[in-house]
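Good morning, colleagues. I should like to take you through one structure, helix by helix and then loop by loop. Please keep the model in view as I speak.

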Amino acid sequence: MDLFEFNAKQSIDASKPLAEKMRPESFEEFMGQRHAAGKNSMVYHAIKQDKIFSMILWGPPGCGKTTLARLIARETDSYFVQFSAVLSGIKQIRQVIEEAKNQQNLYGKKTILFVDEIHRFNKAQQDAFLQHVESGLLTLVGATTQNPSFEVIPALISRCRVITLTSLSSEDMADILNRALKNKTRGLGNLNVKLTKDAIDHIIQISRGDARSALNSLEIVASIFILKNENSDGKPVSINVKDLETALQKKALLYDKSGEEHYNLISAFHKSMRGSDPDAAIYWLVRMLDAGEDPNYIARRMVRFASEDIGNAEPAALEVALNAVKAFRFLGHPEGDLALVQAAAYLATAPKSNSLYSALKSVRKDVDQSGPLPVPYNIRNAPTNLMKNLGYGKNYKYAHDYKDAYAAQDYLPDRLKKRIYYNPTERGYEKTIKGRLDRWRALKEKIRKLR
């Protein structure tokens, strides 16, 4: 490298974001993910023995997926290729496959293909290298923030191990920030800047386990306050929480309305109401509202919940949920939010029953298995003499002619006439319903035995 090349490299390195400059260069610098990449992990041993297997690294942004892939590249003797699913297509995949064949035939080297944001590949693109992963020509290392079960084709998942990475802990985040502040070669160690502990804690809080976001925030704040304090006579620039709040805008809550987190939060909301915990239900409701979820979607879920998890244990629950929908549509956001909160609290504290939901599932199962069974003759419609002569409506008992308006007769097809689908609980209004049904069913069974 001559002087001009050296100066050019120095200039390029200086222009890199702090998060890129501080990216770990060895496993000793790699923070967190000890369960997935620690010294006792399968991944660590595979790397050290240069026996890399195909894997998909799944985890939230800034948790170390790309860093882990680059460490694999550093440690392995295999030929390593990296490209982004956002920028690459079938043509690039074919070029990689051809190069992998050359590396195998000419040098006896395996090829490791790292695909960042692999969930962005469509089915055809994933199929393009599937057979080469299966044959062993390519060892695939994919990285994704999305649940592979939804975004990666099953055939490819079956040939890879899914390595789940998690958001970094507060302790790991603090170590990363402090290392960046002290490092004089790649970090901010030469800039004479320091942060109070509260300021570091604040960055950790707003970054939510995302190391890249935390380092970007640190770099922005440091650059702003160094410029403001150019004439500080060499005194260290100290940055506190107030300074941070001035320099940084509040970061939005982690939420992807079309991704896994969307389903995680709505699941937490539904299960909190089912578990009769109004505090948790309101918390998850507000989390979704503040993150930008469509309030009408939340309201629809509450209407469904009223039938699925409460049903006739509290018949008014469905009305409350529907009224919340009307109130929100009338008031809009944010005034209408309180109507949703009111409904969520009501549904969470109402008596619970999934008897109707269970009945629906049982009936559907019998319908699927039994097919279109004929309607019993006694409850068929008989508008013509021909139908009456065929026995339509024969022996039908008109309920209002009997005590308590209940006539003990069978209404289900003959093959299913002893089936019981609806089993009300002893909770709420269903206790009253259960009492009636028990009496009616006992009477029906008594009459069956007399026949």
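This is a predicted model: local features need pLDDT of at least 70, side-chain atom pairs count only at pLDDT 80 or more; totals for chains, interfaces and linings use all residues.

Residues are numbered from 1 along each chain as its sequence is written, and side-chain values use heavy atoms, with hydrogens and water left out.

Let me start with a pair of helices. Helices here are DSSP runs of H or I with at least four residues, and strands are runs of E with at least two, numbered from the N terminus. At what angle do helix α10 and helix α11 pack? Helix α10, residues 170-182, meets helix α11, residues 197-207, at about 125°, and their axes are 10 Å apart. The axes are lines fitted to C-alpha atoms, for helices over the stretch in contact, and angles run from 0 to 180 degrees between N-to-C directions.

On the α10 side, the contact is made by S170, M173, A174, L177, N178 and L181, and on the α11 side by I200, I203, I204 and S207. Contact means heavy atoms within 4.5 Å. An α-helix has 3.6 residues a turn, so residues three or four places apart point the same way. The buried residues of α11 are A199, I200, H202, I203, I204, I206 and S207. Buried means under 20% relative accessible area, exposed over 50%, and partly exposed in between, with a 1.4 Å probe and protein chains only. After α11 comes R208, with a positive phi near 55°.

The second pair is α17, residues 316-331, and α18, residues 337-349, which pack at about 170° with axes 8 Å apart. That angle makes α17 roughly antiparallel to α18. From α17, the contact involves A316, A317, V320, A324, A327 and F328; from α18, it involves D337, A339, L340, A343, Y346 and L347.

I turn now to a single helix, α15. How far apart are the end C-alpha atoms of α15? They are 18 Å apart, which agrees with the 18 Å that its 13 residues, 278-290, should span at 1.5 Å a residue. The expected span is 1.5 Å times one less than the number of residues. At the start of α15, a side-chain oxygen of D277 comes to within 3.2 Å of the backbone nitrogen of D279. Within α15, the buried residues are A280, A281, L285, R287, M288 and L289. Just after α15, G292 takes a positive phi of about 100°.

Next, consider E308, in helix α16, residues 295-310. Is E308 buried or exposed? E308 is buried, at a relative accessible area of 10%. The side chain of E308 makes a polar contact of 3.5 Å with the side chain of R274. A polar contact is a pair of N or O atoms within 3.5 Å; within protein, one must be able to donate a hydrogen and the other to accept it, and residues adjacent in sequence count only if both atoms are side-chain atoms. Leaving aside neighbours within four places in sequence, E308 is in contact with H270, R274, S353, N354 and Y357. E308 and S358 are 50 residues apart in sequence, and their C-alpha atoms are 8.7 Å apart.

Finally, the loops. Most residues other than glycine have a negative phi, and most peptide bonds are trans. Q33 is not a glycine, yet it has a positive phi of about 55°. Q33 lies in the loop between α2, residues 18-21, and α3, residues 34-37, and is buried at 5% relative accessible area.

In the loop between α20 and α21, D404 also has a positive phi, about 60°, without being a glycine. D404 is exposed, with a relative accessible area of 61%. The loop between α20, residues 385-389, and α21, residues 430-450, also holds Q409. Q409 is buried at 3% relative accessible area, and its side chain joins that of N378 in a polar contact of 3.3 Å.

Definitions and conventions
Angles under 35 degrees count as roughly parallel, over 145 as roughly antiparallel, 65 to 115 as roughly perpendicular and the rest as oblique.
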